[in-house]
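Work through the exercises below with the sequence and coordinates at hand. Each task is followed by a solution in steps.

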Amino acid sequence: MAEAADAKGGVQAPDKGGTGMMKIIIIVVGAIVLVAASVGASLFMMSSMLEKQTAEQPADGEDPETPPPAPIYFKLDPAFVVNFMDGDNLRFLQLNIELMTHDPEVPKQIEAYMPVIRNNIVLMLSSQEAATFATMAGKQKLRAEVLANIQKILEEQTGAPGVEEVYFTGFVMQ
């Protein structure tokens with residue numbers, strides 16, 4: 001092959017057609033690697049999402065469309081009225097309490113053991129100090145104690161705690 005002379009009379013190097021082709025091959029191979037990595041990552045993500053969805057499905061025999069049972073509220077009537085000492089002062093507390101369960105049998109059980117439940121709550125409330133009733137933390141602690149007391153009575157008598165939550169729906173202190 002003869003070397004071509006350029007316009008200035010110099011000599012040009014022969015045309016290397018391979019360097020352009022090499023760049024194209026590298027770009028194509030890089031694109032294929034990126035597409036393969038993208039497909040692999042997508043498949044991995046889809047398989048992990050499928051496993052998670054399968055784990056969240058209900059066990060055999062469970063109806064996936066059955067909502068959980070509605071809560072049942074039971075009011076302890078009449079309101080609790082107790083007196084307690086605050087230093088040298090006699091103070092009074094009126095407390096309305098409602099209980100929550102999901103078991104329709106529990107209200108019947110509460111009715112059956114109402115004298116024991118009311119007695120224990122009255123004794124518990126009247127033994128408290130005024131400072132307990134003054135703070136949110138004290139009221140929450142008292143609510144937990146009332147719940148534990150009722151659950152203990154029902155568990156001893158029926159074998160199940162029955163009541164899931166206790167709510168103070170009225171709280172008046174003088």
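A residue counts as buried under 20% relative accessible area, as exposed over 50%, and as partly exposed in between. The model is predicted.

**Exercise 1.** Decide whether the rings of Tyr73 and Tyr167 pair, classify their geometry, and state which strands they link.

Solution. 
- Step 1. Ring centres must lie within 6.5 Å for a pair. There are 4 aromatic pairs by this rule.
- Step 2. The centres of Tyr73 and Tyr167 are 6.3 Å apart, and their planes stand at 55 degrees, so this pair is tilted.
- Step 3. Tyr73 belongs to strand β1 (residues 72-86) and Tyr167 to strand β3 (residues 165-173), so the pair ties together parts 94 residues apart in sequence.

**Exercise 2.** Describe the sheet and the helices that lie on it.

Solution. 
- Step 1. The sheet is open and has 3 strands in the order β1-β2-β3, paired antiparallel.
- Step 2. From one strand to the next, the twist averages 20 degrees.
- Step 3. Strand β2 (residues 89-101) is joined to β3 by 8 bridges. Within β3, Phe168 is the residue that Ile97 stands opposite.
- Step 4. Helix α3 (residues 114-126) packs on the sheet and touches β1 and β2, with its direction at about 35 degrees to that of β1.
- Step 5. Helix α5 lies across β2 and β3 and runs at about 130 degrees to β3.

**Exercise 3.** Which residues form one aromatic cluster, and which charged ends sit over the rings of Phe80 and Phe171?

Solution. 
- Step 1. The cluster consists of Phe84, Phe133, Phe168 and Phe171.
- Step 2. Over the ring of Phe171 sits the charged end of Lys139, 4.8 Å from the ring centre.
- Step 3. The ring of Phe80 has the charged end of Arg118 over it, at 4.1 Å from the centre.

**Exercise 4.** Is Asn149 buried or exposed, and what does it contact beyond its neighbours within four places in sequence?

Solution. 
- Step 1. Asn149 is a residue of helix α5 (residues 136-158).
- Step 2. The relative accessible area of Asn149 is 18%, which makes this residue buried.
- Step 3. With neighbours within four places in sequence left aside, Asn149 contacts Asn120 and Met124.

Note on methods:
Residues are numbered from 1 along each chain as its sequence is written. This is a predicted model: local features need pLDDT of at least 70, side-chain atom pairs count only at pLDDT 80 or more; totals for chains, interfaces and linings use all residues. Side-chain values use heavy atoms; hydrogens and water are left out. Rings of Phe, Tyr and Trp (its six-membered ring) pair if their centres lie within 6.5 Å; planes under 30 degrees apart count as stacked, over 60 as edge-to-face and the rest as tilted. Helices (H or I, at least four residues) and strands (E, at least two) are DSSP runs, numbered from the N terminus. A charge sits over a ring if NZ of Lys or CZ of Arg is within 6 Å of the ring centre and within 35 degrees of the ring normal. Buried means under 20% relative accessible area, exposed over 50%, partly exposed in between (1.4 Å probe, protein chains only). Contact means heavy atoms within 4.5 Å. Two strands pair if DSSP finds at least two bridges between them. Axes are lines fitted to C-alpha atoms, for helices over the stretch in contact, and angles run from 0 to 180 degrees between N-to-C directions.
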